[in-house]
Amino acid sequence: MSDAVSALNGQRASGLVDLADAGPMGMITLRGDLGLLGGALGSVLGLSAPELRRVVSGEKGQVLWMSPDELLVVLPYAEAPGVAAALEAALAGQFATVAVVSDARALIRVSGAQARDVLAKLMPIDFADFAVGELRRSRLAQVAAAVWRDSADEWSVVCFRSVAGYAFEALATVAQPGGEVGLYH
Amino acid sequence: MSHRLGTGGRLIDRARPMDFTFNGKSMRGYAGDSLGAALLGAGQVLVGRSFKYHRPRGIVASGAEEPNALVGLGEGQRFEPNQRVTTTELFSGLKAVSQNHWPSLEFDVGAVNAKLWRFFPAGFYYKTFISPRPLWKHVYEPIIRRSAGLGKAPDAETRDADRYEQLYAYCDVIVAGGGVAGLKAARQAADEGKRVILTEQNPHFGGRAVVDGIEVEGQAAEDWVKAQVAALQAMPNVTVLDRTMVSGVYDHGYVLAYQRVADHTPGAEKPRHRLWRVRAGQVISATGAIERPLSFAGNDIPGVMLASAIRDFVVNYAVSPGKKVAIVTNNDDAYRTALALHAVGVTVPAVIDARKEVTGDLPAKARAAGIRVIEDCAVRYVEGGKSVTGVQLCRFNSDGGAVIETLACDALGMSGGWSPVVHLWSHCGGKLTWDEGRALFRPDANRPPLGHDGQGFVTCVGASNGEFDDEGEAAMLPVWLMPAQASYELRAKAWLDPQNDVKVSDVQLAAKEGYASVEHTKRYTTLGMATDQGKLSNINGLAILSDALGQPIPQTGTTTFRPPYTPISIGAIGGEARGGIFQPLRKTPIYDWHMAQGAYWEPVGHWRRPYCYPKTGETHGDAVKREINQVRKSVGLLDASTLGKIIVKGPDAGRFMDMLYTNMMSNLKVGKCRYGLMCNENGFLSDDGVVARLSEDTFLCHTTSGGADRIHGWMEDWLQCEWWDWKVHVVNLTEQYAQIAVVGPNARKVIEKVGADFDLSAESFPFMDWKEGKIGGIEARAFRISFSGELSYEIAVPASKGQAFWDKLMAAGAEFGVMPYGTEALHVMRAEKGFIMIGDETDGTVIPQDLGLNWAISKKKEDFLGKRGMEREAMVSPDRWQLVGLETLDGSVLPDGALAPLPGKNDNGQQETQGRVTSTYFSPTLGKGIAMGIVHNGPKRMGEVIQFQSAAGGTVAARIVDPCFYDKAGEKQNV
């Protein structure tokens, strides 16, 4: 049995914010009617389908709104196959799709009081009224990315695995000391 | 001579002197100086040479509008040409060099041009070098470019040492300009609770008010500005930015603002520039106004400056442009300069006023101070060469024939009135109206630039809107030429654009030669095409043009205002995208291993894939040969992780697949694989790959590496826009898996050694089947597909375990001499088998039938994407070029893309051809060059020898053969 190795393999960096690879994370893509998916999530994880551009968090993981017919479940890596199978079973006979995507993505934690200023250097997002539990699908410099707010100063950025190195270096570059902006305070 | 005054200077700190050099000469200024102020303070009046005539040039203005005083700043990795001294903040150790002169600023051989000015009229280049045409590119242009260049480009071998970044920001209101009008507008919006960004291009707020020392709301302007800025900075809904210029306003309230974060502290650990990419609800242009020069003979001599600029230098930096400074004007405002000079003890010999009678409050104050005012008077000619020595005066309403007086002075301030800075209003289409009274173009409030809702989204306030605080001032007299009927001799010395050397006579000549449009005149004469983009010259120029054309100024109109307002650095536009993050680099899970093996890389889209793995001393060609031989003889590994992997799932998945692919997919059995083709609506081949049916309602589509995202988007497009009621989901799983091809006669043995929990034998796991299970303890899905013609398993494992799986295969394969192979070996082996490659055999004009792929086009299906396209006349023509194999008679490798020429010319006068090479390689397996190509009627001409272009320039003979060169029966892959 081989251990899963994330694309960033535990990389960390510090500057205006702290950047850290979240390591291997379990992720499951769900597609279908959000009401239908919410029912399955309720029975399997005790979670509900999030509202538009929101994140629902619980003890067993998080559910992220991705599009009007797509959700992303984030949970411990080892649990993804089992939960995916349970969701599949709960949705049997329905028009819905469950796919494990744990290995397809990289998750970077961005923390610090200047997180919004740093993210705003790469992501065309208005962070002014960006509440805890909100999410945006957007881009980070030249690659697709989603960002959500876990707490006042903690943010998560998810991108595709192949560009994890690019995303991390881009964040580390614009987080270098001396680049303070003071836009969000 | 210009000099520093003993006291005063609201922006400088005399306790902090700063040393700098200009053309290598050491000079001293003070903290707070602009470079321009420091130069003038050090007595340096001559700062550059003009573009065309290499005339001596001095500082004219005090801000962004400066046309003359451009220098090369810094050295080596921090060298930057064309920097305005008036907007460059002084710092200790600054090094500046003047531009456009040879061999020196003081003595310039190019200045001989000035003696020959009669031979350099408007449109000189067009007229002189129009023919013979071939000489232009090779003779005229290089010579002109060498002699006419302004700043030097940085050394090509240097790299910018600084870092740059961008920032996305959002606000209800962005205010451009931190003068009184801008501060008021920002405060009002902020008090209404709006999100406000206030920008000021200079390091200091207050605009003209703080220099002119007026009162605002009962307070001294200086105090009022300080209080307002502090109040705004304290408001949570306001962002206050100094050293930040709104450089452009674009559609839908998109605004670029250019922040010069660290220009004044070079070497600081900061981004040098930051480009703010702002989405604003409203743009408020509080950009003020720019004083206009007057057009009189010799107005380009160093020491002739804008009156307001002189005031700026005196008040802000305690610098006077001369000991005796005369003023020439057509309005009352310029008297402020006379008074400011007088107040600090500089002699003002006279104010020369074009108006018949001078009656305003400011002239009265000047007269009371003992300053001489000469009415109905004009500057006829400025005496001097590298600096002003005096001015000849004449009656304003004359041709300048009679000199009434010569006034000794060493500098001259001029004021022709003010032009509102309407750039930000105009960038997105705001229209202007001519204000007859003040002789200026101002924004027409009824024709603003329109936003998404059809409403105006730019508002001009203050001087930018043509509103001036000029109570008590008498009317100005529009003056476009001085004296009013100046003779040709004088007009030919009256500069409109001092950087590009465009004079009044040039614009008049252009009009005479038929240039009636202001845009054409601009390009013909180069008026306003210098780095200042006509900030000083345009209105004067178009007034002269209007006069020459005998039409009113508004009928002539203005040239187009385009962003940026002043040049912004390329570094800021590039932002963080340089070095390692210039572009995203997509890496497979095995990337680091490839790197450690010394792989030679090939870019595939944003992916980087190993082309081959050269060993020490091995050429790339040798490495490719070795890799192929090893695969064909024993076993090799390919990192195929970049292949697209898209899941299509749902009750209507089969129906959807049948529409996407040209062949039938809905009847594929679960557990089986099938090769398929995708075409666009026109029938042209777009992508190909192997489809595996995972379950009754689930298909896995493999796409090309470069096509994965495009095909995913294509599928979503059809599902979302056309077949929205079909029950199908697609999920792009490309990056979920590392996919490794184990290829060669010993492939099965290697996998068996790693250990699979399912039967790998040919009987139980035949060619074109797939199976799931664990291999080496890792969950895997194996496909019995082959792109090489050998026994082959493509195995997908979770990407996070891709490297571990690769390591296991390498270890198990050691006894078989396993080798990794790269994309080139992959390409050669597929060509040996006659397999097509999207992008080689296809180019967007090729249909599957051209490639002999009729077997993969369903005749049973009622419809599929491309079906009708393929039925069009040109697509069913028997004359289409079709795929064949090609073998040179001498065994050489055909050049890639080589055409097969025929005698004669086509309708376009081009050589007739009958085919071209699409793929060509040296085949180590066959020991000779092999190729594929498309040839007219090719498949019917087997064995025929035709000529192709050779690399040497002649032709090379090749025989038309079957495209499959290796194991045509397919026995090797089916074991």
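How many bridges join strand β36 of chain B to strand β39 of chain B? There are six, and the two strands, residues 644-649 and 698-703, run antiparallel. Helices (H or I, at least four residues) and strands (E, at least two) are DSSP runs, numbered from the N terminus, and two strands pair if DSSP finds at least two bridges between them. One pair to look up is Ile646(B), which stands opposite Cys701(B) in β39(B).

Before we go on, a word about the model: it is predicted, so local features need pLDDT of at least 70 and side-chain atom pairs count only at pLDDT 80 or more, while totals for chains, interfaces and linings use all residues. Residues are numbered from 1 along each chain as its sequence is written, with chains lettered from A and ligands numbered from 1 in the order in which they are written.

Now step back to the whole sheet. It is open, with five strands of chain B in the order β37-β38-β39-β36-β40 and antiparallel pairing. At its edges lie β37 (673-679) and β40 (729-732) of chain B, each of which pairs on one side only. Neighbouring strands are turned by 30 degrees against each other on average, direction ignored. For such angles, axes are lines fitted to C-alpha atoms, for helices over the stretch in contact, and the values run from 0 to 180 degrees between N-to-C directions.

Helix α20 (residues 653-660) of chain B packs on this sheet and touches β36, β37 and β39 of chain B, its direction making about 135 degrees with that of β36(B). Contact here asks that the C-beta atoms of two residues, placed from the backbone, lie within 7 Å. Helix α21 (residues 708-722) of chain B lies across β36, β37, β38 (685-695), β39 and β40 of chain B, and runs at about 165 degrees to β40(B).

Elsewhere in chain B there is an open sheet of three strands, β23-β24-β25, again with antiparallel pairing. Its edge strands are β23 (377-384) and β25 (405-408) of chain B. Strand β24 (residues 388-395) of chain B pairs with β25(B) over four bridges, and Val391(B) has Leu407(B) as its bridge partner in β25(B).

Let us move to chain A. Its domain assignment, automatic or from a database, gives domain 1 (12-23 + 104-174) and domain 2 (25-103). Their centres, taken over C-alpha atoms, are 22 Å apart. In the contact between them, 12 residues of domain 1 of chain A meet 10 residues of domain 2 of chain A. On the domain 1 side, β8 (105-111) and β9 (135-140) of chain A each give two or more residues, and β9(A) has the largest share, with three.

An α-helix has 3.6 residues a turn, so residues three or four places apart point the same way.
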